[in-house]
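The following paragraphs go through a protein model, starting from a single loop residue and moving on to sheets, a helix and the core. Please keep the sequence and the coordinates open while reading.

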Amino acid sequence: MYGGLGAGSSLTHRGADTVPGGIHRRFDLMTREWVAISPARNVRPLDTAGPSDDEEGCPVCPGGIELPFAYEAAVFENRFPSFVAEPPPPPAGDLTAPSCGRCEVVIYTSRHDTCFGQLAPVELGRLLAIWVDRSRGLWNDERHALVLIFENRGAEAGATMSHPHGQIYAFDHLPPIATAKAEAHRRHRSHEDRCLGCDVVTRETASPRVVTPNDSFAVGVPFAARWPYEVAVRARRHGLSRLGDLDPEEQLDLARAIRDVALRYDALFGFECPYLMAVQEAPRSQPDWHLAFEFFPLHRSRTTTKIRASVETATGLFLNDVLPEDAARRLAELEVPAAPIDADCLFVVEAAAGRMVTGRMGARS
Ligand SMILES: [Zn+2]
Ligand SMILES: [Zn+2]
């Protein structure tokens, strides 16, 4: 249980009540990559019903089976995790490993009928504080090589409930894309003696692919975007490599930037566009790195979706049929009015004696 989150606020953290059997990792000799095997996830009760817009029976609404009490935002361990702190032993053999890590669910708000982009400014501020706090907590566990905060929005993106929520995974090893990015940073440092993140931010900021101006983050469609309308929100400051490094000004700018991107997707397509959102924090022992939020919307147009089809799945080579410069221009042109996010909406996060002591930040000096 966490402490209070400002006047009248509450944040709940509760642990998993069961440890699932059968989870483990297997090493693919052909790709030299790990695959997480989680048989219990296949019988998740929420999966069978599919996402419902119905508040009745929602497991995470206040009073529902997962959170049978009032709350304003909540974090709990996934009942059907792929990784746990104390994993069962894997099947015998030299190509298996325990699935050590964590899987948490973050409920953004008690309000069922809303979404990330439509959160009230104070709800968004609270969510950022929760992300900062959980990120710090999970990185403090020396076993974790990577912490990944993410959201799968919409049934097409794999969400199994419609209540606004995201997830956090912690891994005891580096998954393939994180490994590739870490290696690219190391190579750039050794060949150019510069930070790759700094150089990418400089390139992106000077490009025609900027979507929205922001003092602390470069917000734009990446040069080699894999997905149509993919957007990266990348920290400008060298040294801002994880959520815990955010200063209050950057926290505000981040809240503005990521809400703006989510609202642009909805404005572009005219409906709540399903997307994947992932927070790229510096892997353990990775000195050069810039914190980034990556958005991968699943639509190419109002009526067509982008799927990871044969070529992408079989070869890893992505085919993108939208020119990144055009995608950026279309996104940048949109009007996305929204309630202002100011310092009143932020929460201070201080780790103290294993619990989170928080309060509204109030006006900045
Ligand atoms: Zn709900
Ligand atoms: Zn840098």
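Pro-91 sits in the loop between strand S4 (73–77) and strand S5 (96–97); helices (H or I, at least four residues) and strands (E, at least two) are DSSP runs, numbered from the N terminus. The model is a predicted one, in which local features need pLDDT of at least 70 and side-chain atom pairs count only at pLDDT 80 or more, while totals for chains, interfaces and linings use all residues. Residues are numbered from 1 along each chain as its sequence is written, and chains are lettered from A and ligands numbered from 1 in the order in which they are written.

Pro-91 counts as exposed because it has 11 C-beta neighbours inside 10 Å. The scale is as follows: a residue is buried if 20 or more other C-beta atoms lie within 10 Å of its own, exposed if 12 or fewer, and partly exposed in between, with C-beta atoms placed from the backbone. Apart from neighbours within four places in sequence, Pro-91 is in contact with His-24 and Thr-96, a contact being two C-beta atoms, placed from the backbone, within 7 Å. His-24 is 67 residues away from Pro-91 along the chain, yet their C-alpha atoms are separated by 7.7 Å.

Strand S6 (residues 101–107) is largely enclosed by the rest of the structure, because six of its seven residues are buried. S6 also runs antiparallel to strand S8 (residues 165–171), to which seven bridges join it; Val-105 has Gln-167 in S8 as its bridge partner.

Another run of pairings goes through S11. Strand S7 (residues 146–153) and strand S11 (residues 275–280) are antiparallel, with six bridges, and S11 likewise pairs in the antiparallel sense with strand S12 (residues 292–297) over six bridges. Met-277 can be followed across both pairings: Glu-151 stands opposite Met-277 in S11, and Phe-295 is the bridge partner of Met-277 in S12.

Phe-295 is also a contact of Val-261, along with Val-219, Val-231 and Val-233, leaving aside neighbours within four places in sequence. Val-261 is among the residues with the most contacts inside the largest nonpolar core, which has 77 residues. Such a core is a set of buried Ala, Val, Leu, Ile, Met, Phe, Trp, Tyr and Cys residues joined through C-beta atoms within 7 Å. Helix H5 (residues 248–269) gives the largest share of this core, nine residues.

Helix H3 (residues 176–192) has 17 residues and reaches 24 Å from its first C-alpha to its last, close to the 24 Å expected at 1.5 Å a residue; the expected span is 1.5 Å times one less than the number of residues. Just after H3, Asp-193 takes a positive phi of about 55 degrees.

Overall, the protein has seven helices and 14 strands. Of its 365 residues, 39% are buried. Among contacts with a separation of 6 or more, 69% are between residues 24 or more positions apart.

Note on methods
Pairing = 2+ DSSP bridges.
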